[in-house]
Amino acid sequence: MIKFQPKIQICRLCAKSTEQTICPDCCETLARIKSACVQCSLPLPSHHLTICAECQRQKNAFDHTICVLRYDHPNDYLITQFKQNRQFAIGYFLTEMLYQKVRVESTNGDRPECIVPVPAHWTSVFQRGFNPAYFIAKILAKKLEIPLVDCLKSKKKHDKQKQLSRKERLKNLNNIYQVNFKIPYKRVALVDDVVTTGATIQTLSALLKKNGVQNVQVWAIARTPK
Ligand SMILES: [Zn+2]
Ligand SMILES: [Zn+2]
């Protein structure tokens with residue numbers, strides 16, 4: 001009888017031998033999002049607050065956001081290794097964490113009918129060799145057994161938006177994206193790697209809703225804290 005031998009690898013954080021991409025000890029230390037805004041998944045200090053100040057002030061086009069990790073150390077290092085250095089094993093590992101959370105939190109009643117990745121401009125796909133959001137979306141679609149609908153397109157490459165105000169950012173993004181074909185679903189999960197300011201998911205959710213989608217959930221591996 002052939003006995004299954006787990007593959008021994010090196011932990012991507014502490015370099016110890018392990019059967020996983022990241023060893024159980026390091027995995028424990030990854031800062032997860034525990035209490036967060038139900039709309040945008042911004043980490044919040046208290047369990048009593050459910051909607052952050054920004055979401056109370058403005059109307060979001062998306063209905064709910066699920067992110068698993070805080071985008072700070074060492075999570076940002078892992079995500080960079082995946083995105084910039086094409087460490088796909090890390091990408092799989094982080095997507096598996098997101099999948100576990102989505103499976104629990106996205107209940108059957110409003111579970112999305114399809115998965116739509118946040119598009120990347122062709123020049124960045126060319127430089128990087130892949131679109132991280134598409135990579136994550138493809139794995140989730142397979143695991144959840146729902147279709148991947150690659151209906152969004154980035155027409156223009158957008159510049160760094162860090163210095164801009166929220167209003168300027170949204171204005172900037174409005175001319176960047178388009179819908180490629182009619183979306184045959186009403187409930188959609190929009191998938192990205194990291195949600196930073198929320199401007200991209202706001203713009204894309206509004207675009208999806210303009211094109212007949214009724215409910216947009218955003219799923220991402222990490223969320224930048226304030
Ligand atoms: Zn480790
Ligand atoms: Zn919020």
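1. Two residues are in contact if their C-beta atoms, placed from the backbone, lie within 7 Å. In this protein, among contacts between residues at least 6 apart in sequence, 72% join residues at least 24 apart.

2. The model is a predicted one, in which local features need pLDDT of at least 70 and side-chain atom pairs count only at pLDDT 80 or more, while totals for chains, interfaces and linings use all residues. Residues are numbered from 1 along each chain as its sequence is written, and chains are lettered from A and ligands numbered from 1 in the order in which they are written.

3. Eight helices and eight strands make up the secondary structure of the protein, where helices (H or I, at least four residues) and strands (E, at least two) are DSSP runs numbered from the N terminus. The C-alpha trace spans about 55 × 40 × 40 Å along its principal axes.

4. Four of the strands form an open sheet in the order 3-8-7-4, with parallel pairing; two strands pair if DSSP finds at least two bridges between them. Strand 3 and strand 4 stand at the edges with a single partner strand each, so one side of each is left without a neighbour in the sheet. On average, neighbouring strands of this sheet are turned by 20° against each other, direction ignored.

5. Strand 7 and strand 8 run parallel and are joined by eight bridges, and Val191 stands opposite Trp219 in strand 8. Helix 8 packs on the sheet, where it touches strand 7 and strand 8, and its direction makes about 165° with that of strand 7 (axes are lines fitted to C-alpha atoms, for helices over the stretch in contact, and angles run from 0 to 180 degrees between N-to-C directions).

6. The largest nonpolar core has 52 residues, and among those that touch the most other members are Val191 and Trp219. Such a core is a set of buried Ala, Val, Leu, Ile, Met, Phe, Trp, Tyr and Cys residues joined through C-beta atoms within 7 Å, and a residue is buried if 20 or more other C-beta atoms lie within 10 Å of its own, exposed if 12 or fewer, and partly exposed in between. Strand 7 (187-195), helix 8 (199-210) and strand 8 (215-223) are among the elements that each supply at least two residues of this core. Leaving aside neighbours within four places in sequence, Trp219 is in contact with Ile66, Leu98, Val102, Leu140, Ala189 and Val191.

7. Asn175 lies in the loop between helix 7 (166-174) and strand 6 (177-179). Is this residue buried or exposed? Asn175 is exposed, because 11 other C-beta atoms lie within 10 Å.
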